[in-house]
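Hi,

Here is the structure I promised to pass on. Have a look when you get a moment, and my notes follow below.

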Amino acid sequence: MPPALLSIRDLGKHFGGFHALKGVSLEVEHGEFIALLGPSGCGKTTLLRCIAGFLTPDSGDIRIGGDSVTRLPPHRRPLNTVFQNYALFPHMSVLDNIAYGPRRHGVPRGEAAERAAQALQLVGLEALGARYPRELSGGQQQRVALARAVVNRPKLLLLDEPLSALDMKLRKRMQIELKHLQEKLGIAFVFVTHDQEEAMSMADRIVVMNRGLIEQVGSGTAVYATPATRFVAEFIGEANFLPGAADGDGGLRLAFGTAAVPHPGPGASTGIGTGAGQSRTGVLRPEHLELLDRADAPGFLTERGIVEDVINTGGQTLVMVRVGDALLASRRLGMPGAGLGRGTQVVVGFRPEHLHVVAGEPAP
Amino acid sequence: MTAALTGDPATVPAAAPPTALRRALPLLAAPVAFFVAFFAVPMVVVLSSSLMAGGAPSLANYARVLLDQYHWDVLAVTFRIAALTTLAVTLLGYPLAYYLVRVVSSNALRRSCVILLLLPLFTSNIVRSFGWMILLGRNGLVNDTLVGIGLLDRPVRFLGTETGIVIGLVYILLPFIVLAVGNALATVDPTLEEASADLGSSPFTTFWTVTFPLCLPGLIAGVIMVFTLAASAYVTPALLSGGKITVFPMLIFQQYSTVFDVHYGGALSITLLVVTLVLVALAGRIGNGGGNRS
Amino acid sequence: MIARILLRIVAWAVMAYLVLPLVVIVGASLTATSYLAFPPQGLTLDWYGRMLADTSYVAAFGTSTALALAATAGAVLLALPAALAIARYDFPAKRTLLSLLMSPLVLPHVVLGAALLQYCAALGLMRSFAALLVGHVVIVTPFVLRSVLPQLTPEQRALEEASADLGARPFETFLLVVLPQIRGGLTSGAIFAFISSWINVELSIFNTTAELTTIPVKLFNYVQYTIDPVIAAVSSITIAVAAVTIVLLDLTVGLHVLSKRR
């Protein structure tokens, strides 16, 4: 089997007393689109900068195509980066910015200009080659940065929150363009973002990071439907958290009425103990908590509750229901129906197979 | 420094001109009146004196300055010293600025160095030149050391030579260029250098293609400042020349302090001013043509 | 790597070059010999005693200090309103005005000194404290202007509008909002103004007399004829003043040069 395009083993990095990476391992295959997702300070940018060569890790190894690059300076690494603030050279024209890479690799001036023009065409800015970066809009600068990074045809492209400076509409459009470009060029992307929607819509695999560790690696569907840890469940999407504990007989007692949920049940992650009294958290997505017209609906675990709020989010309705001490969210398509308002008594319920269980207690 | 000199105030969305002027006037009255009375008018007086000879308008003073080979020789010495000083200051100051901003990682060390850099800047020219008089004397520390380590057979005369004056001026003007270049370097976005490395540049290439062009405006500002100060310096050359070398500002000083010929002295002053400004403008133009449009 | 080592060597050599003359002066002021010697031969503070015994030095220190303080005050009073007007209003010929106020920075001081001598002679002020003062105010005003102007930013303007909106009269806004915001720039500008006036020779030399003289001018005239350890002692005092000023600058506004601005 040929070696992976990028292989990271046990990477550690600290700044003073702060441990930014605490042993991170990851493999990236040719042509893959990987998103590094996590809150600020989780280590995702540190990881990216270690791969690019701007930081030297304290421990661990980074290999590209099987060869260790851990000690190589950035200019000797066969990859390129799109920077968060684009880092376009303000003293060079757009074309010179893009031709900069080929020139450094010994490509003659004329051919470098030709390649730059092609790369510019690729991002649809062929008319702007003579301009200077400050004469471009944010979206145009973004595309120039992209063209500059792909002109050398690297096997691996690192992108550090490249869309964070754009407004929402443009960001959505660029997400689609970027994905198409990635498929067209067949370059592997490692894309840092703190925007889960962005990661979900673009990446083949999402790497969820927290406090210098990888919490889960998986497709967008996998990290949403079967989060490996409480952190992932909290960070990705919205969720109701039902605190509870294992009852020692393979069941689970939840703070949703008095129901015992079979454990490990469908959708439960494996590898968590079943000892009695160990705390567990049930993760229930709002779309799986339904408003029912009777308490004995077949296949549902149900409880009575009181509506606290009805929020129309445009095409969807979010109903906040108080069940005992907990305030739970239920989401459904369509406009809020008549007769549903604050104080309405309702029955809410879910199918047990939609409940996903992780270890630990929910965050307060 | 240049930003302030060429007038680049933070332009605020401002009121329409007529109202603006009416509101600005009370604030501007005192400073403008003072600068007109004690700066602009005296300079005009010098200019008009220089254009008077024997009670009538005349260019005779300028003829006297410009047709005399002696003045051209003094000008040549003055600007040769200024050019050599500027060159030496740049070659010594740039590495120090780069070292302090980019290599020194300890803030405490950088701060100590900044204090040592400001200390001479805050000390009078005369005191600093005096230090060099002690050092460069026939039996001074410099000669003793050079003879001691065998680089020289016998003491060399520094005082009273152009070399001595350049050594003194370089010393006096070095902090200016270090501060100008250092502050420009500190504002260069380090991600630009990372981008350059990412695209395949060695550190050396990155320096010449990215870092250097980006802090060129700071360097040019520093160079212009140093050049004008070197060309108009009076104290240092007066002390280190030992009466053997004459620079242009000395001629001006003589005319006003001993001879008190304001017409001839005025022509000398205006000549120095014009030649300096022309050279500065040229330097600025070359700098702007150097490809830096940011 | 070799380049790095080379850079380090050059940098430290240049630092040594910057400090050497000052060390030599202070060292020479302590010598027990009657001529200047470095390294000093024997240690004594006699030369400082002689300096204090000579009333002309004490008087010159007084003149220098009074002149520098007065020039700084004058520069602040002129530069502050000018900076406010320039930052706030878009009046005609603003750039020309700014150039006029900043040009003493690049004008040869010898030329300006000569001009002021001739002009003050015509006004009957020749070789007086007033003649010295107006010249010093002209050359140090740019320092204050240069450090205050960048602090009067658009954000700063928004604060002033907020203050006015909350009912403050213009003067109250200036005192309570503007002044605290620009205090740093004003302080460092004033300190630079003070020291520039304190060390000036080329401008002062035209309007000083044997009785009315500043320390640098007195040193200049003295050094050209005689060199003895008293000169070194006086020079050492001025180096100490420079050091105290820098420490003051560091304590009040901090030395932000050569570090990243945020």
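In chain C, the loop that joins helix 3 (55–88) to helix 4 (94–102) holds Ala93(C). Please keep in mind that this is a predicted model. Ala93(C) is not a glycine, yet its phi is positive, at about 60 degrees. Is Ala93(C) buried or exposed? With 10 C-beta neighbours inside 10 Å, Ala93(C) counts as exposed, because the cut-off for that class is 12 or fewer.

Chain A has an alanine to set beside it. Ala87(A) also takes a positive phi, about 50 degrees here, although it is not a glycine. You will find Ala87(A) in the loop between strand 6 (79–82) and helix 2 (94–104) of chain A. Ala87(A) has 25 C-beta neighbours inside 10 Å and therefore counts as buried, since the threshold is 20 or more.

The other thing to look at is a sheet in chain A. Five strands form an open sheet in the order 15-19-16-17-18, with antiparallel pairing. Its edges are strand 15 (290–292) and strand 18 (326–333) of chain A, each of which pairs on one side only. From one strand to the next, the twist averages 50 degrees.

Within this sheet, strand 16 (residues 301–312) and strand 17 (residues 316–323) of chain A are antiparallel partners, and six bridges link them. If you want a residue pair to zoom in on, Asp309(A) has Met320(A) in strand 17 of chain A as its bridge partner.

Happy browsing, and do write back with any thoughts.

Best wishes

Conventions
Residues numbered from 1 in each chain as written. Chains lettered and ligands numbered in written order. Predicted model: local features only at pLDDT ≥ 70, side-chain atom pairs only at ≥ 80, totals over all residues. Helix = DSSP H or I, 4+ residues; strand = E, 2+ residues; numbered from the N terminus. Pairing = 2+ DSSP bridges. Axes fitted to C-alpha atoms, helices over the stretch in contact; angles between N-to-C directions.
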